[in-house]
Structures are given as structure tokens and as C-alpha cells.
Amino acid sequence: MKKLLSLTLVSLLVLPIAARAQTLKIGTVDMNKTFRDYTKTKDAEAKINDAKNQAKKEYDERADSYKKALDDINNLNKQLEAPALSADAKAQKAKERDDKISNIKNMEREITEFRQTRERQLQEQALRMREGIVKEITDVVMERVKASKLDLVFDKSGNSLNGVPVLMYAPESVDFTNDVISVLNKPGRATSATLPSPSKEGAGAAAASATPKKP
């Protein structure tokens, strides 16, 4: 009798939940595809690449100056090894070499600071751009949620900590990824977020090579 009562109680608890589950309106969006196919994403990537190329150009100019200064120091070292060089001339060239060594150390610090600053600024600007784009996508998704009165929306591109899809299965009929992309790419659409343009100072030097070696 007790067992029967327990089964009856479980049934009474489960049935309302099951009934509610049957009325849930669910939708899915592939956020990776949406982000990739949004035209503003391509514009943002182009701006970042332009900033990176500009930073690399500036870095190369500094690296060329460093190499020239290093060559000058090596040439002075060779001259100091000449046996016919007088004591006064040797002292003068030694002082010139020491001054150049002091200067090149300052150049090393400047190049290192340049790389670190540019890389940090580029990362920050890329993050701001991504956040702005994600907000726009989310706003469009939420518009669909309100219009269709959806109860749940899943990102079908997401994986769990175990590396497996969070959403194991959903019928294609509930996916509205292409609708979101169409709205985002509609000509003349007013957007709530504006992408920041990378400034010259905000360019990244991620593609720059390592700091030149010391003399």
C-alpha cells in the first residue's frame, strides 16, 4: 500500500513537469556561424589587420635603426683592434663606441616597450570590437525571442567542458540562425553598437619578430 501511494505521489509530481515541458517553445542559434557571417565581423577583422600591419611597419623601422647602430658598434670594435691605431685615436673611438652602446641599450628598451604596448592595445581593441558585435547579435536574438515568445534558446555551436556539444540534438525547424544573419546584414540597419576604429597608437605588433639581440 505504501509503495502504491509513493508511486502515485511521484506520478502527480512528474506529470505537471512533463506537461509543462511539452509546451516549451525552444529555439537554437549557431553563434559561431552568425559571428563569422556577419559583415561587420569581416570589417572588424580588416581594421585589426590594418592596425597590425601598421605596427609591424613601425617596428621594422625601429629594428632597422637598431641593426644600423649595431653594425656601427661592430665596425668600431674592428677599428680598435688595428695595431697601427694611435693611443689618442683609440681612446676617441672607444668613447664613441661606448656612447653608441649606451644609446643602443636605450633603443632596446624602447623597442621592447613598443611591442608590449602595441600588443596590449590591439588585444584590448579586438576585445571591444568582439563585445560590440556579440551584443548586436544578442539583441537580434532577443528580438526573435520576444516576437516568437520563446522559452529557451540554445547556442548549438557551444561545447561542454568535456568537449562534446551542449545541445546534443534539436530539429532544424527550431533553428533561426539564418534569420538572425539576414537581419544583421540587412542594408541600412540601425545598430546599437559602434565598432571602435583602431588608432595608429592602438595598432598591434603581434606579428613582429623578437627584440634584436644585444651587442
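Let's start in helix H4, which spans residues 87–148: arginine 115 and glutamate 119 both sit there, four residues apart, or about one turn of the helix. Their side chains meet in a salt bridge, with 3.8 Å from N to O. Glutamate 119 is partly exposed, at a relative accessible area of 24%. Keep in mind that this is a predicted model.

What lets such side chains team up? Side chains of opposite charge can pair when their charged atoms come close.

How many salt bridges does the structure hold? There are 16. Here are some of them:

| Salt bridge | N to O distance |
|---|---|
| arginine 97 and aspartate 98 | 3.2 Å |
| arginine 115 and glutamate 119 | 3.8 Å |
| lysine 156 and aspartate 175 | 3.6 Å |

Now take the pair of arginine 97 and aspartate 98, whose side chains meet in a salt bridge.

Next up is the salt bridge between the side chains of lysine 156 and aspartate 175. This pair links distant parts of the chain, with the two residues 19 residues apart. Both lysine 156 and aspartate 175 lie in the loop between strand S2 (152–155) and helix H5 (177–184). Lysine 156 is partly exposed, with a relative accessible area of 30%.

Technical notes: Residues numbered from 1 in each chain as written. Predicted model: local features only at pLDDT ≥ 70, side-chain atom pairs only at ≥ 80, totals over all residues. Heavy atoms only, no water. Salt bridge = Lys/Arg side-chain N within 4 Å of Asp/Glu carboxyl O. Buried < 20%, exposed > 50% of the residue type's maximum accessible area, 1.4 Å probe, protein only.
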